[in-house]
Number of protein chains: 2
Amino acid sequence: MGKVIDDYSTLMKRFKDLSLILSTEAIIQWDTETKLPPGAFELRAQQQALLSRLEHKMSTNRGIGRLLERVEKNSEYDSLNEMQKRNAHLIRKNYDEATKLPERLVSSLAEQQVTSYNAWKKAKAAKNFGAFKPELLKMFELKREAAERLMSVKGVSNEYDALIDFYEPKITQFTISRTFDELKAGLIPIIGKAASASKEGCQSTLDFRMPVATQKELSKSLAKYIGYDIESEKARGRVDETEHPFTTGYFSDVRITTHYFEDNFLPSLFSILHEGGHALYEQNMREDWIYQPIGTACSYGFHESQSRFVENMVGRSAEFWSAFFPTLKSLDYALADAKVESMVRAVNRVQPSKIRIEADEATYSMHIIIRFELERDLFSGKLSVEELPQAWNQKYSDYLGVEVKDDAEGVLQDVHWAQGYFGYFPSYALGNIYGGQLLEKLEKDLPQWKSTISSGNFTPIRQWLTTNVHAYGNLYNPLELLRRVTGEEIRPSFFLNYLDSKYREIFCY
Amino acid sequence: MGKVIDDYSTLMKRFKDLSLILSTEAIIQWDTETKLPPGAFELRAQQQALLSRLEHKMSTNRGIGRLLERVEKNSEYDSLNEMQKRNAHLIRKNYDEATKLPERLVSSLAEQQVTSYNAWKKAKAAKNFGAFKPELLKMFELKREAAERLMSVKGVSNEYDALIDFYEPKITQFTISRTFDELKAGLIPIIGKAASASKEGCQSTLDFRMPVATQKELSKSLAKYIGYDIESEKARGRVDETEHPFTTGYFSDVRITTHYFEDNFLPSLFSILHEGGHALYEQNMREDWIYQPIGTACSYGFHESQSRFVENMVGRSAEFWSAFFPTLKSLDYALADAKVESMVRAVNRVQPSKIRIEADEATYSMHIIIRFELERDLFSGKLSVEELPQAWNQKYSDYLGVEVKDDAEGVLQDVHWAQGYFGYFPSYALGNIYGGQLLEKLEKDLPQWKSTISSGNFTPIRQWLTTNVHAYGNLYNPLELLRRVTGEEIRPSFFLNYLDSKYREIFCY
């Protein structure tokens, strides 16, 4: 048996290739969404299929299995440091999971993704779940089969936990149920009070058009403010336009997108902050961890904590608006007479609604809790795919007091299930909860954080986020990272307190 | 031995993957030139190196060698049709060439490309060949070694022929020398007369600024005019900006670039036409030949014949300008008083100069002849790398009557040699010659071609080009294609006659 470090190094060289192909796939996917001529979708589908076949081949290559064994069984294994052990562990996890799924199932899932997605699109346009149901059922069964096969290697006792583990490693539905119940109980009174206090809103403040060219200037200012460089000669990012904003890329090449609406500049403003928060996470990992498993994000929920931190905790704060308002006014004269207080109220208005992606900061988590409960009940067998629309509508009525009129604004609104992304939704609300706990810690470490925001200086906060989240990459699982950074287990109370006191202050109740 | 068609089909499936990875590489390269954040070049270099490693692996995979043998030695081989045999031949050629070069040489060449390129850039900025010389020498020796190894499989008797064969299959330096000598002899009097007749030029016609936004509108009109769709819902192309214009892509996704200069709209206008001509070639091959070797261009020279046909034979014709002038005037009021005759004279002005990419239509080929003669003499040993600058300057003085003042405007002006592209230059002038012969045939087939241009209808010409060039893909080698389409061997007289009569008409001599 040779030196453990030699096999480990060979293993890492293999992983570098995998990182490179994954990051190339990300750019090709970005191109598909932003630049691809519309006549080229068929060619592009073939190119993407080839890349993912190559990626799968790399991940499941038996040479990786042999190298892993040589590393793990080497008597010198303990001479590896914490980071090296974590890298080996993450490659092992990826390898075991990838080799656990038979080729047949992987390609059935890939095909079903296309079929379900198309069926979903049509059904949504026709506002009729019925047309989507058979394809959703097939997707659900395939995902359940995959989950069942992964249970042992993931060390979980039920299918839904196996799926959640892709997004939030080592968090179970039991923990999420307990946490979300507490979150729900806390949100109800907050939503009630804030919604009634913000009813007499300042929406008229927003009643003007801002040319797209101006909004593009605004995007540049916002990106600069948060330290997401898209303009200098060392820029490592860029902003483009898509229907739905997203972030993609790797280290020095992390790209975000936004969508401009002439009659409302806020969606673009907040998506620049939101996606910018994601981008900062990817860009500010330790450079020396590039091409290593630890040089990736901790979890989807932690990713979401970063985007929501910048979008909401910073971007909807009175301090941010007082700092940013002069810039905004200088860009658009229509705002000359606007008052910053009205603006802050307008962007914090709470109003239960039916569409998740348009929800305010307080009700947003409720949309997620509904989806989590439905997924959980689907996988436990308590609910059938058939019963989904009705259960959906009932929960919207019970939890948010809104009446869903058709499936397009109900169960068909999101693409996730059509894509087979069961277990993904919880991460969005976990991101809020992590964010609340991070904020609590930030307040201790940087008591003057609010005044740095109002003075227009985001740098100390970005540095704090880098030190406390970005720089850890994927060294720990999410609950472990949370514990190390905040000293706490997962608890929604911090997020709830933050919301409650913000609304009390802004809406004076 | 199984059915030949089965092995052939497996072979073609392998080739499809190769086409997909090559076309993906093209898009990534496009992204590097047009969209990549400047901080991401190092990451991108790694991604591109991985893709080219994967591509090389696919091309040299032994399974391909075995399949080729099974196809070639099968007693039913003759049951394959002409296209299938050509496909097998082209895959064989690619495989034999790729496997002929040792790994060491391939990676030395790749590394030397980077080193030479950087040395060239610095040397050009310093206007000093000396700093580039050692790296050029290394590149030259590596290319000579590669060429020597390829001679037998390419069936040629000297190194330079082996290199030319990459760009113009089955054309030798002997044929090129003979053809270029005739071209040179014919060009000298044409350049002499046209240069003196066009001296009293109409350059003042061009003395105005056109905003980039207007030039972008102009680009759209030009693309639409030639049938390069960048705007419809079925668009299969797009236009972006780079320092040096280029075309890249595959079938349904063929992208061109241009460069806008506020003080002169002509470079962009002509590059849209030039690159558009390249793009039409790639887009209008037979759809059923996609993912097959025959579904690629015949040669670099034929590619250049298409771009130069659209740029020069169409784009510098009096008919094009009379058709396009109203559009141009409507886009820019500064042109309101301009006369179309002055414009035609301005864009056809002949004036010997030192920089190839700025040369007019008549002197352009002379720049190429100079480069060809230098390359030929380098490989024959008649000239050393050391003597290049002086030989270059001497030929510029002899053939074009211009005095080169420093290496930046002399031997260092082009990037080709730094990249190792020896044997590439001849294709540019061969493109002019092919173009002249194609034009002769077009005049017979479509005697009214000029009036269709002046009536603003490019479609019949585009269709003629598709039928006579694009649709043949890579079914024949260039001289064979020329013979089949025009019924002639390669002869520069058609191109010379075209130039001579155009200048006589425009400059009235």
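**Strand pairing and the chain A–chain B interface**

In the predicted model, E2(B) and E3(B) pair in the antiparallel sense over 4 bridges; strands (E, at least two residues) and helices (H or I, at least four) are DSSP runs numbered from the N terminus, and two strands pair if DSSP finds at least two bridges between them. The bridge partner of B:Tyr250 in E3(B) is B:Asp253. Strands of a sheet pair through backbone hydrogen bonds, either parallel or antiparallel. In chain B, an open sheet of 3 strands with mixed pairing has the order E1-E3-E2. Its edge strands, each pairing on one side only, are E1 and E2 (247-250) of chain B.

Residues are numbered from 1 along each chain as its sequence is written, and chains are lettered from A in the order in which they are written. Local features need pLDDT of at least 70, and side-chain atom pairs count only at pLDDT 80 or more, whereas interface totals use all residues; side-chain values use heavy atoms, without hydrogens and water.

At the interface, 38 residues of chain B are in contact (heavy atoms within 4.5 Å) with 38 residues of chain A. The rule finds 6 salt bridges across this interface, a salt bridge being a side-chain nitrogen of Lys or Arg within 4 Å of a carboxyl oxygen of Asp or Glu. A:Asp253 forms a salt bridge with B:Arg44, with the closest N and O atoms 3.6 Å apart. Two or more residues on the side of chain B that touches chain A come from each of helix H1 (4-34), helix H2 (41-60), strand E1 (237-241) and strand E3 (253-258) of chain B. H1(B) gives the largest share, 11 residues.
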